[in-house]
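Dear colleague,

Please find below the structure that I am handing over to you. My notes on what was found in it follow directly after it.

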Amino acid sequence: MSAVAVHNLVKQYKSGKAIIEAVQGVSFDVARGELFGIIGPDGAGKTSIFRMLTTLLLPDSGGATVDGSDIVKDYQAIRQKVGYMPGRFSLYQDLTVEENLHFFATIFKTSVTENYTLIKDIYVQIEPFKTRKAGKLSGGMKQKLALCCALIHKPVVLFLDEPTTGVDAVSRKEFWDMLRNLRQQGITILVSTPYMDEASLCDRVALMQKGKIMTTGTPQQIIQSFNHNILAVKAQNMYGLLQVLKQWNAIEDAYSFGEYHHVIMKERYDKKVMRQYLASTGYADADIHAVTPTIEDCFMQLMQHKHD
Ligand SMILES: Nc1ncnc2c1ncn2[C@@H]1O[C@H](COP(=O)(O)OP(=O)(O)OP(=O)(O)O)[C@@H](O)[C@H]1O
């Protein structure tokens with residue numbers, strides 16, 4: 001039995017006269033003990049999915065089970081079995097670190113001592129500040145406390161909605177290390193993120209855009225299924241360069257990628273042909289080299305083809 005099984009889940013919102021199709025028939029499965037990432041930009045529908053799976057929001061159609069329990073019929077059972085860390089922290093700002101943790105333990109009718117082993121490695125990092133109010137903690141510390149609070153009742157499945165948004169790079173890395181440790185302790189983890197670079201830290205991912213899942217698979221499978229050649233190109237005038245590239249009929253797509261533009265060629269890439277074209281358009285100085293595709297390249301490609 002899957003830890004999470006989602007079938008054709010649909011959620012719409014009314015906004016004045018408009019209908020927003022936030023989740024448009026999404027299906028996926030998460031195996032027990034898996035670290036599964038839902039990757040997509042703001043507004044893709046990640047939060048709506050998490051709120052439905054944690055029984056805080058009713059689906060319009062379709063359904064899902066979490067640890068075998070139905071998200072509509074068995075909502076009470078699910079609330080006992082899942083841990084949920086919403087995007088904006090659910091901490092009580094006026095309670096101290098310690099008080100927050102005890103509060104969350106109490107609402108789940110457990111105690112901090114009972115499940116301490118699960119949170120120990122994370123909690124020791126914030127323990128020196130245990131009498132500090134949550135509102136006065138740094139972003140990274142708040143994140144650790146929120147994770148402890150979501151874990152204190154030893155959930156079977158842990159849902160983390162954009163846990164690393166707005167967190168510095170060092171804390172982000174530490175956070176992913178913590179997630180991998182938790183997975184080793186047998187907890188199934190669903191995590192959402194807008195950061196493509198975090199995809200490679202998951203066992204499997206679903207790439208999402210505008211309420212739909214475009215593909216699921218291991219990060220490796222997704223990269224392998226990308227059968228295009230990419231050239232990275234850089235010049236003095238990056239804006240002008242992109243315009244010139246986009247006008248060229250030999251390319252499939254071109255987009256900014258860090259300090260370079262990535263260019264997907266229609267045929268096998270040929271640096272020489274590109275150099276000639278760029279020289280003829282005033283970019284003889286361009287630096288051109290072949291690169292291996294990343295998940296972000298796959299995402300750009302999928303977005304272009306499935307959501308024109
Ligand atoms: N209560 C609501 N009423 C109206 N529209 C909503 C509501 N909640 C979400 N939406 C819209 O539904 C779409 C999906 O939102 P959702 O929050 O699920 O996406 P997300 O991927 O989590 O993005 P974000 O990171 O911005 O939260 C967005 O267009 C959003 O504006």
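Which residue in β8 does Val 157 stand opposite? Val 157 stands opposite Thr 188 in β8. The context of this pair is set out below, after a few remarks on the model.

**The model**

This is a predicted model, in which local features need pLDDT of at least 70 and side-chain atom pairs count only at pLDDT 80 or more, while totals for chains, interfaces and linings use all residues. Residues are numbered from 1 along each chain as its sequence is written. The chain has a mean pLDDT (the predictor's confidence in each residue, from 0 to 100) of 91, and 98% of its residues reach 70 or more. The scores of the model are ipTM 0.94 and pTM 0.88. Helices (H or I, at least four residues) and strands (E, at least two) are DSSP runs, numbered from the N terminus. Two strands are said to pair if DSSP finds at least two bridges between them. A residue is called buried if 20 or more other C-beta atoms lie within 10 Å of its own, exposed if 12 or fewer, and partly exposed in between, with C-beta atoms placed from the backbone.

Strand β7 covers residues 157-161 and is mostly covered, with 5 of its 5 residues buried. In a regular strand the side chains alternate between the two faces of the sheet. In β7 both faces are covered: Val 157, Phe 159 and Asp 161 are buried on one side, and Leu 158 and Leu 160 on the other. Strand β6 (residues 82-85) pairs with β7 in the parallel sense over 4 bridges, and Val 82 has Val 157 in β7 as its bridge partner. β7 is also joined by 5 bridges to strand β8 (residues 188-193), and these two run parallel. Together with helix α6 (residues 169-184), β7 and β8 make a right-handed β-α-β unit; right-handed means that, with the strands pointing away from the viewer, the path from the first strand over the helix to the second runs clockwise.

Helix α1 (residues 46-53) is largely enclosed by the rest of the structure, because 7 of its 8 residues are buried. The buried residues are Lys 46, Thr 47, Ser 48, Ile 49, Phe 50, Met 52 and Leu 53. Just after α1, Thr 55 takes a positive phi of about 70 degrees.

There are 13 residues around the ligand, and Tyr 13, Ala 22, Lys 46, Thr 47 and Ser 48 come nearest; a residue is near a molecule if its C-beta atom, placed from the backbone, lies within 6 Å of it. Two or more residues of this shell come from each of β1 (4-15), β2 (18-30) and α1. α1 gives the most, with 3 residues. By class, the shell has 4 nonpolar, 6 polar and 3 charged residues, where Ala, Val, Leu, Ile, Met, Phe, Trp, Tyr, Cys and Pro count as nonpolar, Asp, Glu, Lys and Arg as charged, and the others, Gly among them, as polar.

**The antiparallel sheets**

β1 and β2 belong to an open sheet of 4 strands, in the order β2-β1-β4-β5 and with antiparallel pairing. β2 and β5 (69-70) stand at the edges with a single partner strand each, so one side of each is left without a neighbour in the sheet. The antiparallel pairing of β1 and β2 extends over 10 bridges, among them the one between Gln 12 and its partner Glu 21 in β2. His 7 has its place in strand β1 and counts as partly exposed, because it has 15 C-beta neighbours inside 10 Å. The C-alpha atoms of His 7 and Asp 29 are separated by 8.7 Å, although the two lie 22 residues apart along the chain.

An open sheet of 4 strands with antiparallel pairing also has the order β12-β13-β11-β14. Its edge strands, β12 (251-257) and β14 (287-291), each pair on one side only. β12 and strand β13 (residues 260-265) run antiparallel and are joined by 6 bridges, and Ile 251 stands opposite Met 265 in β13.

**Strands β3, β9 and β10**

Strand β3 (residues 35-39) runs parallel to strand β9 (residues 204-209), with 4 bridges between them. Gly 37 has Val 205 in β9 as its bridge partner. β9 is joined by 5 bridges to strand β10 (residues 212-217), and these two run antiparallel. The hairpin of β9 and β10 has 2 residues between the strands, and Lys 210 takes a positive phi near 45 degrees there.

With kind regards
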